[in-house]
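Please read these comments with the model open beside them.

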Amino acid sequence: MMNNQVKKIISILTIFVSTSMSCFGQNSDSEINLIQEIFGLEKTEMLSELLGDVNDEFWSTYKEYEEKRMALGKERLALIRSYSEAYDSLTDEKIDQLLKDIQTQSKNTENLINQYTKKIKKVSGSKVAAQFYQLETYLLAAVRVKIMEITPIIGELDPQY
């Protein structure tokens, strides 16, 4: 059951990221919010099944986490957009800035997961915190793989490449 839900979440994100890369300027904030909301609902359902009956403090902490995760997700989409818009005219300076921004965004996302794993441990115990961590890092890795699969490597689309 869990595997089907993960596949569903990854499919939603793949469609969104693919669309975003080809026509990001046409995606409104409301569309981005809708996709993030669907993704969040799927994750919440998955966590509910995985964790069973957890205390209200967990869900309060998780909601706080999701709000921060969604903000970081918007930053990631902005970086994808910046990359796709500049792809045909990337300079060394633009590449350096994108690389720096991507590394910072990645570090911030991992720090957020680690920070909330600790918070969840305090309110719901080690097992729940570990399950949260496992699911979040798994989904993050899967999302990163999908993004990399559909993102051209610098120079890949150049006819001389």
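The numbered points below go from the whole chain to single residues.

1. Basis. The model is predicted, so local features need pLDDT of at least 70 and side-chain atom pairs count only at pLDDT 80 or more, while totals for chains, interfaces and linings use all residues. Residues are numbered from 1 along each chain as its sequence is written, and side-chain values use heavy atoms, with hydrogens and water left out.

2. Fold. The protein chain has 5 helices and 0 strands, and its pattern along the sequence reads α-α-α-α-α. Helices (H or I, at least four residues) and strands (E, at least two) are DSSP runs, numbered from the N terminus.

3. Burial and contacts. The protein chain has 161 residues, and 39% of them count as buried. Buried means under 20% relative accessible area, exposed means over 50%, and partly exposed lies in between (1.4 Å probe, protein chains only). Of the contacts between residues at least 6 apart in sequence, 74% join residues at least 24 apart; a contact means heavy atoms within 4.5 Å.

4. Surface. The protein chain exposes about 9,700 Å², of which carbon and sulfur atoms supply 54%. Accessible areas come from the Shrake-Rupley method with a 1.4 Å probe, and for residues only the protein chains shown count as cover.

5. Largest pocket. How much space lies in the largest pocket? The value is about 550 Å³. The search runs on a 1 Å grid over the protein atoms alone: a pocket is an open set of points where a 1.4 Å probe fits, with protein on both sides within 12 Å along at least five of seven lines, and lining residues have an atom within 4 Å of a point. Grid points are joined across faces, edges and corners, and the volume is the space filled by probe spheres set on the points.

6. Pocket lining. There are 18 lining residues in the largest pocket, and I80, I102, I147, M148 and T151 lie nearest its centre. Helix 3 (56–86), helix 4 (92–124) and helix 5 (126–150) are the elements that give two or more residues to this lining. Helix 4 gives the most, with 6 residues. By residue class, the lining divides into 13 nonpolar, 3 polar and 2 charged. Here Ala, Val, Leu, Ile, Met, Phe, Trp, Tyr, Cys and Pro count as nonpolar, Asp, Glu, Lys and Arg as charged, and the others, Gly among them, as polar.

7. Aromatic pairs. Rings of Phe, Tyr and Trp (its six-membered ring) pair if their centres lie within 6.5 Å; planes under 30 degrees apart count as stacked, over 60 as edge-to-face and the rest as tilted. By this rule there are 8 aromatic pairs. In one of them, the ring centres of F58 and W59 are 4.8 Å apart and the planes stand at 80 degrees, so the pair is edge-to-face. F58 is buried, with a relative accessible area of 0%, whereas W59 is partly exposed at 24%.

8. A pair between helices. The rings of Y62 and F132 are also edge-to-face, because their planes are at 85 degrees, with centres 6.2 Å apart. This pair links distant parts of the chain, as Y62 is in helix 3 and F132 in helix 5, 70 residues apart. Both Y62 and F132 are buried. F58, W59, Y62, Y65, Y116 and F132 form one aromatic cluster.

9. T61. T61 is in helix 3 and counts as buried, because its relative accessibility is 11%. Not counting residues up to four places away in sequence, T61 touches Y116, K119, I120 and V123.

10. Start of the section on helix 5. A129 lies in helix 5 and is buried at 3% relative accessibility. Leaving aside neighbours within four places in sequence, A129 is in contact with T117, I120 and K121. A130 also lies in helix 5, but at 36% relative accessibility A130 counts as partly exposed.

11. S48. S48 lies in helix 2 (residues 29–51) and is partly exposed, with a relative accessible area of 33%. The C-alpha atoms of S48 and W59 are separated by 9.7 Å, and the two residues are 11 apart along the chain.
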